[in-house]
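Here's a quick tour of one protein model. Have the sequence and the 3D view open while you read.

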Amino acid sequence: MGILGKIFTWWNGATVGTAFNSAMTGEKVGSDVFGNAYFRAKKPFPKGHPFAGKERRWVIYSGANDASNVPAEWHGWLHGSLAGVPESNLPPARIWEADYTPNATGTVRAYRPAGALERGGKRAAATGDYEAWSPDA
């Protein structure tokens with residue numbers, strides 16, 4: 001992405017202003033397998049602030065800004081469910097855990113059920129167990 005893209009677009013990663021603010025007011029605490037960088041504020045919220053006593057945490061995505069690219073353990077850290085950085089709190093992966101798949105909504109890989117307009121709009125015939133409501137009945 002060119003410099004103009006970094007200045008004016010926020011949907012393909014951090015803008016120059018976000019990167020500068022993160023470098024000045026935050027400290028990087030880690031990154032995940034997707035290359036997303038996680039930060040926390042150097043200073044806590046001031047007294048009187050609704051979030052006083054809590055830590056401000058945020059993520060800078062490595063690619064498109066898609067919240068489904070945040071793994072579960074980092075999601076928990078971002079929302080304050082985990083006190084420490086996730087790498088130190090993670091149990092080993094279980095054999096039944098599925099690998100991450102990105103959110104396909106809005107793409108050609110999105111789920112299209114039978115009867116969807118993108119699949120021809122033909123629904124299966126009713127099986128007789130459904131009776132349409134009529135206001136006169």
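Which residue stands opposite Y38 in β2? That's G30. Before going on, bear in mind that this is a predicted model, where local features need pLDDT of at least 70 and side-chain atom pairs count only at pLDDT 80 or more, while totals for chains, interfaces and linings use all residues. Residues are numbered from 1 along each chain as its sequence is written, and side-chain values use heavy atoms, with hydrogens and water left out.

**The overall layout**

- The protein has 3 helices and 3 strands; helices (H or I, at least four residues) and strands (E, at least two) are DSSP runs, numbered from the N terminus.
- Reading from the N terminus, the elements go α-α-β-β-β-α.
- Of the 137 residues in the protein, 23% are buried (buried means under 20% relative accessible area, exposed over 50%, partly exposed in between, with a 1.4 Å probe and protein chains only).
- Take the contacts with a separation of 6 or more: 36% of them link residues 24 or more positions apart (contact means heavy atoms within 4.5 Å).

**How the strands pair**

- Strand β1 (residues 26-31) pairs with strand β2 (residues 37-41) in the antiparallel sense, over 5 bridges; two strands count as paired if DSSP finds at least two bridges between them.
- On its other pairing, β2 runs antiparallel to β3, and 4 bridges join them.
- R40 in β2 stands opposite E27, and the bridge partner of R40 in β3 is R57.

- Y38 lies in β2 and counts as buried because its relative accessibility is 0%.
- K28, over in β1, is exposed because its relative accessible area is 52%.
- K28 and Y38 are 10 residues apart along the chain, and their C-alpha atoms are separated by 5.8 Å.
- Leaving aside neighbours within four places in sequence, K28 is in contact with A37, Y38 and F39.

**The nonpolar cores**

- Which residues make up the largest nonpolar core? There are 8 of them: V29, Y38, V59, Y61, V70, W74, W77 and V85.
- Another core, of 6 residues, lies apart from that one, and its members include A37, A41, W58 and I60.
- A nonpolar core here is a set of buried Ala, Val, Leu, Ile, Met, Phe, Trp, Tyr and Cys residues joined through side-chain atoms within 4.5 Å.
- Y38 and W77 are 39 residues apart in sequence, and 9.5 Å apart in space from C-alpha to C-alpha.
- V59 is in contact with N36, A37, Y38 and L78, if you skip its neighbours within four places in sequence.

**A buried loop residue**

- N69 sits in the loop between β3 (57-60) and α3 (72-78).
- Is N69 buried or exposed? N69 is buried, because its relative accessible area is 18%.
- Not counting residues up to four places away in sequence, N69 touches D32, F34, N36, A64 and Y100.

**The largest pocket**

- The largest pocket has a volume of about 410 Å³.
- Its lining has 14 residues, and P71, E73, A93, E97 and A98 are the ones that lie nearest the centre of the pocket.
- Sorted by class, the lining has 10 nonpolar, no polar and 4 charged residues (Ala, Val, Leu, Ile, Met, Phe, Trp, Tyr, Cys and Pro count as nonpolar, Asp, Glu, Lys and Arg as charged, and the others, Gly among them, as polar).
- A pocket is an open set of points on a 1 Å grid over the protein atoms alone, where a 1.4 Å probe fits, with protein on both sides within 12 Å along at least five of seven lines; lining residues have an atom within 4 Å of a point.
- Grid points are joined across faces, edges and corners, and a volume is the space filled by probe spheres set on the points.
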